[in-house]
Amino acid sequence: MPLFPARPADTTPAHPIRRQVIAAGGAVAVAAELAIAPVTLGATLLALVVCRLTRWRPAWLVAPAAAGAAVALWHGPGRAVSGFVAGGAHLAVFLAGPGAVPAHLARLPGLAGRWRAGLASQLPLAVIAAAAQAAVVVTRRDGRYRPGLVCALRRSYQAALLRRGEVATVTGARIGLDRVTGRGMTVSWAEASGGVLVTGRQPGAVTGTALDLVVAAIQHRKAVLVVDLGGQPARVAAAIASASSDRQAPVRNWPPDQNRGQILAAVLAGRAVLLAQPAPQAAAAESARGLTRELAAVLAGRQAIGAPADVLIWINSFDRLGRDSVTWLLGSGALGRPPAALVLSTSSGPAAEWVAGQVAVVAVRGRPPLDWPPEPDREPAGPAAPLPARLLAGRGDADLALQVRAPVPRLQDGGRAVRTW
């Protein structure tokens, strides 16, 4: 793959005369700058070489320009301007001097000596002019620049936060970081209230990204309900226990032999965590369906007395719950107004396809699930939803892409998951 993509062929009609004039004008301009301000020309060429090799954004040119301005102010603006125009002034005096051509040629050695002596005095303003010229030349239309030092520092800082488990942001959760800008990839609670789908080919990676959202909710001291139908109960329980201990949030396990309505009400009122990992698997789906309906009843009761619950609900491997229950949660208003944040995670392609059009946020961890998106000649399993190719372009298990449809649409690809619970 070439370092720089080839530009599209120029299909505009040729204008030989115009191009010749432009080329001649450029040659004259370079020759004039070489004679009048050679330091500027040399500094411009050096800046262009650096831009070509590093592909940094043109913003880096502010640094040498600022340095030149500082030196000019240190020595005095008047002195800096005099030194910068001294070469041109000497050349003008030489050309305007009286006498024939042989007399002018005889004065060339003296002019050359003054020309060399004045090079250092041109440097402060020459650096500023060179930075401006280089910025005009290297500005790229495709915007494909290599991240600079600021992005690298930001990326290191964000990665350190994620590794420490600090996934909560002011308005939501941090689930990864953008490889290019170094900024965090976040989901706000306003976005999550429209439903979140977390999917991918590897169940463990999908569970890890969903846990980022759950742990962020615990760090915000939201009430959290986890219905874990996946195959890693110990991992999920350990991550929730660690996050709850850090924030002193009480954790309740779901006991099927007690009054679940009272337990749910206590969890919501006390902003606690309820962990439901029903077993055996044969009866897990039916138990989870009963739990979600009781939760909806409790939420409706709180809303009726003017006490809406601040809660996040995570259903891991929701494809085992059944489509009727998930559809009911997504579309019936069972989660209250404003709705609770509902996170659905799965590694099943058909299940992801079916839910993708019904939620506001889609996060794809690693490669997309098998059979998703469907073949072009197959009818979709759920409401049609446009899926940008960038959303499904992940190749490694740590790759992360995010599409938000509401309240403000956005698409982030090229992300990386850092935290492994």
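## The sheet

V227 stands opposite A276 in strand β6. That strand covers residues 273-276 and pairs with β4 in the parallel sense over four bridges; pairing takes at least two DSSP bridges between two strands. Helices (H or I, at least four residues) and strands (E, at least two) are DSSP runs, numbered from the N terminus.

The whole open sheet has 11 strands with mixed pairing, in the order β2-β1-β11-β10-β9-β3-β8-β7-β4-β6-β5. β2 (184-188) and β5 sit at the edges with a single partner strand each, so one side of each has no neighbour in the sheet.

## Helices on the sheet

α11 lies across β4, β5, β6 and β7 (311-316), and runs at about 170° to β6. Helix α15 (residues 349-356) packs on the sheet too, touching β3 (196-200), β8 (341-346) and β9 (361-365), and its direction makes about 155° with that of β3. Contact here is heavy atoms within 4.5 Å; angles run from 0 to 180 degrees between N-to-C directions, with axes fitted to C-alpha atoms, for helices over the stretch in contact.

Q248, in the loop between α11 (233-246) and β5 (251-253), has a positive phi of about 55° without being a glycine. Q248 is exposed at 68% relative accessible area (exposed is over 50%, buried under 20%, partly exposed in between; 1.4 Å probe, protein chains only).

A cis peptide bond joins A406 and P407, omega about 0°.

## About the model

This is a predicted model: local features need pLDDT of at least 70, side-chain atom pairs count only at pLDDT 80 or more, and totals for chains, interfaces and linings use all residues. Residues are numbered from 1 along each chain as its sequence is written, and side-chain values use heavy atoms, leaving out hydrogens and water.
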